[in-house]
Amino acid sequence: MSKIAVIYWSGTGNTEAMADLVANAAAAAGASVDKFTASEFNVSSAGDYTGFALGCPAMGAEQLEEMYQDLRGSLSGKPVGLFGSYGWGDGEWIRTWAEDAEAAGARLVVEPVMANGSPDGDAETACAALGTALANA
């Protein structure tokens, strides 16, 4: 059985809503899921998980940065999904993040999921697909 850690930082609640969608879909697909804020997750427990979903809005990436840098070495060969919300721009932050995760050896299970503001129908569907893909990876 897959054991997934959903780790996120959210300033307005939009990325937290995405984390809930990812976690619920992964659990519905049969995975064991633990959800953490970036400050709650203890990187020393990374080996307990078969995969990771990481979420952060475009504004506030520094809130996740320290935890992510500590976790980065544990991503090699693991299925990973990235998600986040934004209010402007075209999502450059998440593309850069995806490139870095892949350089660390992570296997991205789907394209990073972005929501402009709160997750709408398309973003909700994409978050569910991310959770399902992690559970089945």
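**Reading exposure, helices, cores and pockets**

Student: Is Ser76 buried, partly exposed or exposed?

Tutor: Ser76 is exposed, because its relative accessible area is 51%, where exposed means over 50%, buried means under 20% and partly exposed lies in between, with a 1.4 Å probe and protein chains only. Bear in mind that this is a predicted model, in which local features need pLDDT of at least 70 and side-chain atom pairs count only at pLDDT 80 or more, while totals for chains, interfaces and linings use all residues. Residues are numbered from 1 along each chain as its sequence is written, and side-chain values use heavy atoms, with hydrogens and water left out.

Student: Where is the place of Ser76, and which residues does Ser76 touch?

Tutor: Helices (H or I, at least four residues) and strands (E, at least two) are DSSP runs numbered from the N terminus, and Ser76 sits in the loop between helix 2 and strand 4. Contact means heavy atoms within 4.5 Å; leaving out residues up to four places away in sequence, Ser76 touches Ala104, Gly105 and Ala106.

Student: Which residues of helix 1 are buried, and what covers them?

Tutor: The buried ones are Asn14, Thr15, Met18, Ala19, Val22, Ala23, Ala25 and Ala26, and their cover includes strand 1 (3-8), strand 2 (32-37) and helix 4 (121-136) among other elements.

Student: How many residues does the largest nonpolar core have?

Tutor: A nonpolar core is a set of buried Ala, Val, Leu, Ile, Met, Phe, Trp, Tyr and Cys residues joined through side-chain atoms within 4.5 Å. The largest here has 24 residues, and those with the most contacts inside it are Ile7, Phe41, Phe52, Leu54, Leu71 and Trp97. Strand 1, strand 3, helix 2 (61-71), strand 4 and helix 3 (92-103) each give two or more residues to this core, the largest share, five residues, coming from helix 3. A second, separate core of 18 residues includes Ala26, Ala53, Phe83 and Ala135.

Student: Which residues line the largest pocket?

Tutor: On a 1 Å grid over the protein atoms alone, a pocket is an open set of points where a 1.4 Å probe fits, with protein on both sides within 12 Å along at least five of seven lines, and lining residues have an atom within 4 Å of a point. The lining here is Ile94, Arg95, Ala98, Glu99, Glu102, Leu108, Val110, Glu111, Pro112 and Met114, and its largest share, five residues, comes from helix 3.
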